[in-house]
Amino acid sequence: MRVTHPIATTATGMVRGLYLDGLRTWRGVPYGSSTAGASRFRAPHPPREWKGALDCTQFAPPALQGNYGPNDMVEGTEDCLTLDIVRPDTDDVLPVVVYLHGGTFITGASNDRVSQGHNIARDTNIVYVSLNFRLGVMGYLDFRLLGEDCVATPATHDQILALQWVRDNIAQFGGDPNRVTIMGESAGANAVTTLMCTPAAHGLFHGAIGQSTPVAAVHSRLQSAMWVRALLDRMGMSRLSTIDDLRAQDAEELARVGQTMTVTGGAIPSLNLCFMPTVDGTILPKHPLATFAAGEEAPVPMILGTNSGEASFAKAFFMRSRARERAAKRLLDIYDPRHSDAVLAAYNYASNRSDFAELVADAVFWAPSVKAATDHRKVAGTWMYRFDYAGELMTRMGLGAVHTADLEAVFGMQYATPAGHLNRIGRTNEFDQVREFMQYHWGHFFRHGRPGSDWPAYGFRQEEKPGRATAIINAQSTVVYDPKPDQRRAWEEFDMNEWGMGREDLMEDLADFLGLDDTPISPNSR
């Protein structure tokens, strides 16, 4: 007689899950001990052992975060190191996919509707694992200026611990620990490329997929100091506060202030997010783009891609062309004032709304991804795509394939994202073609470390064909070689590695807080 609940035995105890619609699923499985209180801002540790079978039939609360709604409500918990597992109801040993959710480093959960993984586990026949990890103030700020008893990016440490848990335990759930793919979207895709550049994570995964990854989104020392000081100020704390002083603060108040910083900090126009990974010299030894350029990233096959309308919302910014040009110039100058004019010229000086939106999208997503893919193809198999599919209304509105649009196709969850609701209007029958294309190639990658044979690698130019093959994903998908070559060449010399190069005023303003003398500093200097 079959048991009522699937039982698996982990290194710390048994877990009891659910049979659900032809699947087996375990929810809220601990992979780490509590990160609250005295453990705040520290590296995580494995969970303690328990007796009996732990009830893992309900989703656990997400990491502590603001709701970014009309009020200051905070949800979730500091004790958030849990994961969810979904697999087909068979006894087959299957490839493993570990999914890292997006949410601008400040929101998201393992069980967001689109990423619960039921359809992708069934459709691609995998063991699917989705993670909760620390976010915002708790996960993505470097407080080492306030004391050494902390780590620079707790979220990255959480993700490494989760991958170690998968290595040691996933066979008990029918997963193959030697065939693990890490996959993420947006901030989660940044986590993927960051882990590829983290030596401590090497060997814990065997393939990587980054969807809309802002590869270059890491804090320089200057940025980190700027936001730590801003947090202390907004908390009403002395700038001489210590890391223990921060641990003594109410967790929800820290999350609430972090939410306010994000909304009112004016960071978006200069690509200066409050919360991002930090180049700390140890877990993340150097900027990811520098790691890719040196060929020191994890030598595993990789898919990278972006959506054609990632920042189409930016078309609503700035009514006058002169204002758009000035804003674009400021955005670029803060990284590399020497080469910003060449990039501006490639986008018609951002004189119209479409050019401006394309420049913003490419600065955040496409150009850094091209740089990473260009270097990674020397190390391991590399494939690139551009997701173009958009519903009738989104096309008519001039928005196209907006940020997150690709998630619905990969996960087989039509209308599951906010933007996806707009696709209910007009034609919808083409969605299945897009879903089938993505799930076929993603599934092939999960198994074999490469997409299907009709998607060529992002390779080098040869006599018989050009290089940089890019899959254009739409109702009728195609392959294009070296899309947007003029813009690509314009970005080649542009240095995305150090935010703040064009802001000497900030360097001077933060010198005392950083404990520096009058010696000029590089924003990434340690």
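This is a predicted model: local features need pLDDT of at least 70, side-chain atom pairs count only at pLDDT 80 or more; totals for chains, interfaces and linings use all residues.
1. Helix H11 and helix H15. The axes of H11 and helix H15, the latter spanning residues 485–492, come within 10 Å and cross at roughly 75°, and that crossing makes H11 roughly perpendicular to H15. On the H11 side the contact is made by Glu-358, Leu-359, Asp-362, Ala-363, Trp-366, Ala-367, Val-370 and Lys-371, which meet Gln-487, Arg-488, Trp-491 and Glu-492 in H15. By class, the contact of H11 with H15 holds six nonpolar, one polar and five charged residues.

2. The second largest pocket. About 390 Å³ of space lies in the second largest pocket, and of the 28 residues that line this pocket, Asn-307, Ser-308, Glu-358, Asp-362 and Lys-484 are the closest to its centre. Strand E13 (302–307), helix H11 (353–376) and strand E14 (382–387) each supply at least two residues of the lining, with H11 giving the most, namely eight residues. The lining of the second largest pocket has 11 nonpolar, nine polar and eight charged residues.

3. Lys-484. Lys-484 has a positive phi of about 50° although it is not a glycine, and its relative accessible area of 23% makes it partly exposed.

4. Tyr-349. Tyr-349 is found in the loop between helix H10 (340–346) and H11, and it is partly exposed, with a relative accessible area of 38%.

5. Cavities. A search of the whole structure finds six cavities of 30 Å³ or more, and the second largest cavity has a volume of about 80 Å³. The second largest cavity is lined by 13 residues, of which Leu-64, Gln-65, Gly-136, Val-137 and Ala-255 lie nearest its centre. Strand E6 (65–66), helix H2 (136–139) and helix H7 (251–264) each contribute at least two residues to that lining. In terms of class, the lining of the second largest cavity divides into eight nonpolar, five polar and no charged residues.

6. Helix H3 and helix H4. Helix H3 (residues 154–169) and helix H4 (residues 187–196) pack at an angle of about 75°, with their axes 11 Å apart, and H3 and H4 are therefore roughly perpendicular to each other. In this contact Thr-156, Gln-159, Ile-160 and Leu-163 in H3 meet Ala-191, Thr-194 and Leu-195 in H4, and the residues involved divide into four nonpolar, three polar and no charged.

7. Ile-7. Which residues does Ile-7 touch, not counting those up to four places away in sequence? They are Met-14, Val-15, Arg-16 and Ala-53. Ile-7 lies in strand E1 (residues 7–10) and is partly exposed, with a relative accessible area of 44%. Ile-7 and Ile-472 are 465 residues apart in sequence, and 43 Å separates them in space, C-alpha to C-alpha.

Key:
Residues are numbered from 1 along each chain as its sequence is written. Side-chain values use heavy atoms; hydrogens and water are left out. On a 1 Å grid over the protein atoms alone, a cavity is a set of points where a 1.4 Å probe fits but cannot get out, and a pocket is an open set with protein on both sides within 12 Å along at least five of seven lines; lining residues have an atom within 4 Å of a point. Grid points are joined across faces, edges and corners, and a volume is the space filled by probe spheres set on the points. Helices (H or I, at least four residues) and strands (E, at least two) are DSSP runs, numbered from the N terminus. Ala, Val, Leu, Ile, Met, Phe, Trp, Tyr, Cys and Pro count as nonpolar, Asp, Glu, Lys and Arg as charged, and the others, Gly among them, as polar. Axes are lines fitted to C-alpha atoms, for helices over the stretch in contact, and angles run from 0 to 180 degrees between N-to-C directions. Angles under 35 degrees count as roughly parallel, over 145 as roughly antiparallel, 65 to 115 as roughly perpendicular and the rest as oblique. Contact means heavy atoms within 4.5 Å. Buried means under 20% relative accessible area, exposed over 50%, partly exposed in between (1.4 Å probe, protein chains only).
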